[in-house]
Amino acid sequence: MKNTYLTEQDNDLRTKGEYAVIAEMTEKQAVNLNLLAYKAGYSSPKEMLETMIGDLTGWGETSPCPEAMRQWYADAHQKTLETYYFRFYLYNYDYTVEHLHEMLADMNIFTTEYQGYCDTCADEEREEEPWERCLEVAREIYKEGGFN
C-alpha cells in the first residue's frame, strides 16, 4: 500500500505541464546551460531544470543529490535576507493581495506598515530598505498577484 506522500505525489504528477515558467537568458547563458545539462547526463536543459525543481520543491527528488539543491536554496535564502528583507517580511507576515491593495491605495497605511517593518528591522538589528524601494517591492508583488 502506498503511503500518503506517494499518493499525493502521484496525484500531483497528473497536473504536470499545466504550469510554465519562461526564463530569459543571454545567448552565452543558453549555450552554457546546454553544455551543463549534457555534461551532467541530461538530454536537455529542460530535463535538468525539471529535476532541479523536483529536488528543490521536494516533489520529485529524481537526482542523485536532492540535498544539494535544498542546501543551495538555504544558502540563497540566507544571502537574500541580507539584501531583500522587505520582500521576506511581507511574505513572512502573511500580507495578502487585499492588504497590499489597501497599502498602495492609501500611503498613510503604507507608511504605518513600513514603520512596523522598520521596527522589526531594529529588533533584529537589520538595516531597513529605503521607503521608496519598499513601495516598489509592494507594487511589484501586488502586480504579480501576491505570493500564490
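Helices, in this description, are DSSP runs of H or I with at least four residues, numbered from the N terminus. The model described here is predicted. The structure contains four salt bridges, and its largest pocket has a volume of about 1100 Å³.

**Salt bridges within helices**

- In helix 8, which spans residues 131-144, R133 and E136 stand three residues apart, and about one helical turn therefore separates them.
- The side chains of R133 and E136 form a salt bridge, with an N to O distance of 2.9 Å.
- R133 is partly exposed, at a relative accessibility of 24%, and E136 is also partly exposed, at 46%.
- E50 has a relative accessible area of 34% and is partly exposed, whereas K46, at 55% relative accessibility, counts as exposed.
- Because the category of exposed residues begins over 50%, K46 falls into it with its value of 55%.

**The salt bridge between E124 and R126**

- A salt bridge joins the side chains of E124 and R126, at 3.0 Å from N to O.
- E124 counts as partly exposed, with a relative accessibility of 38%.
- R126 is likewise partly exposed, its relative accessibility being 26%.
- In general terms, side chains of opposite charge can pair when their charged atoms come close.

**The largest pocket**

- The lining of the largest pocket consists of 25 residues.
- Those nearest the centre of the pocket are K16, Y19, L49, E50 and I53.
- Helix 3 provides the largest share of the lining, namely nine residues.
- Helix 1 (4-13) and helix 3 each contribute at least two residues to the lining.
- Sorted by class, the lining comprises 12 nonpolar, eight polar and five charged residues.

Notes:
Residues numbered from 1 in each chain as written. Predicted model: local features only at pLDDT ≥ 70, side-chain atom pairs only at ≥ 80, totals over all residues. Heavy atoms only, no water. Buried < 20%, exposed > 50% of the residue type's maximum accessible area, 1.4 Å probe, protein only. 1 Å grid on protein atoms, 1.4 Å probe; cavity = no way out; pocket = protein on both sides within 12 Å on 5 of 7 lines; lining within 4 Å. Points joined across faces, edges and corners; volume = space filled by probe spheres on them. Nonpolar A, V, L, I, M, F, W, Y, C, P; charged D, E, K, R; others polar.
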